[in-house]
Amino acid sequence: MKLKVLFFFLLISFFGTAQHVDTKVISVNEGLFSNNIQKIFIDSKGVLWIGSRAGLFKRKMNTFEIETVATKYKFNNVFDIYEDKNQNMWIAGYGQGVLFF
């Protein structure tokens with residue numbers, strides 16, 4: 001009987017442990033261009049796209065880059081990012097229409 005009780009408590013302690021979730025805060029201090037993020041998207045190549053009121057940015061490895069196409073057309077205030085099946089990017093900007101490349 002004692003063995004069953006011991007086994008029961010060991011089983012509960014094994015399943016009762018909480019999961020650990022890794023969280024990292026990235027802000028302007030770590031190289032991000034704006035703290036006001038509207039949309040994030042990971043494309044099929046693993047690139048993290050970040051849309052904010054300051055424009056469109058990409059994160060490759062550990063660096064942030066401003067997307068040159070969005071800068072060329074002064075496309076900021078991004079609120080949606082989408083990739084179609086042909087790996088074309090669709091960027092929606094509030095009051096600016098849609099940027100396609």
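## Stop 1

Select Lys45 and Asp43: the backbone nitrogen of Lys45 lies 3.1 Å from a polar atom of the Asp43 side chain. That is a polar contact (N or O atoms within 3.5 Å; within protein, one must be able to donate a hydrogen and the other to accept it, and residues adjacent in sequence count only if both atoms are side-chain atoms). The Asp43 side chain also reaches the backbone nitrogen of Val47, at 2.8 Å.

Before going on, note the ground rules. This is a predicted model, in which local features need pLDDT of at least 70 and side-chain atom pairs count only at pLDDT 80 or more, while totals for chains, interfaces and linings use all residues. Residues are numbered from 1 along each chain as its sequence is written, and side-chain values use heavy atoms, leaving out hydrogens and water.

Asp43 sits in the loop between β1 (37–42) and β2 (48–52). Strands are DSSP runs of E, at least two residues, numbered from the N terminus. Is Asp43 buried or exposed? Asp43 is buried, yet has no salt bridge. Buried means under 20% relative accessible area, exposed over 50%, partly exposed in between (1.4 Å probe, protein chains only). A salt bridge needs a side-chain nitrogen of Lys or Arg within 4 Å of a carboxyl oxygen of Asp or Glu. The nearest side chain of opposite charge, Lys45, is 5.8 Å away. For charge, Lys and Arg count as positive, Asp and Glu as negative; His and the chain ends are not counted.

Now show the contacts (heavy atoms within 4.5 Å). Leaving aside residues up to four places away in sequence, Asp43 touches Trp49, Glu83 and Met89.

## Stop 2: the nonpolar core

Select Val47, Trp49, Leu56, Ala70, Phe75, Val78, Ile81, Met89, Ile91 and Leu99. These 10 residues form the largest nonpolar core. Such a core is a set of buried Ala, Val, Leu, Ile, Met, Phe, Trp, Tyr and Cys residues joined through side-chain atoms within 4.5 Å. β5 and β6 each supply at least two residues of this core. In soluble globular proteins, nonpolar side chains tend to be buried together.

## Stop 3: ring pairs

How many aromatic pairs are there? The count is 3. Rings of Phe, Tyr and Trp (its six-membered ring) pair if their centres lie within 6.5 Å; planes under 30 degrees apart are stacked, over 60 edge-to-face, the rest tilted.

Pick Trp49 and Phe101: a tilted pair, 5.9 Å centre to centre, with 50° between the planes. Trp49 is in strand β2 and Phe101 in the segment after β7, 52 residues apart. Trp49 is buried at 5% relative accessible area; Phe101 is partly exposed at 27%.

Next, Phe79 and Tyr94. Their planes stand at 70° with centres 6.5 Å apart, so this pair is edge-to-face. Phe79 lies in strand β5 (residues 78–83), and Tyr94 in the loop between β6 (89–93) and β7. Tyr94 is exposed, at 61%.

## Stop 4: charged pairs

The structure holds 2 salt bridges. Select Asp80 and Lys39: their closest N and O atoms are 3.6 Å apart. This bridge links strand β5 to strand β1, across 41 residues of chain. Then select Glu67 and Lys58, with 3.3 Å between the closest N and O atoms. Both Glu67 and Lys58 are buried.

Notes. Helix = DSSP H or I, 4+ residues; strand = E, 2+ residues; numbered from the N terminus.
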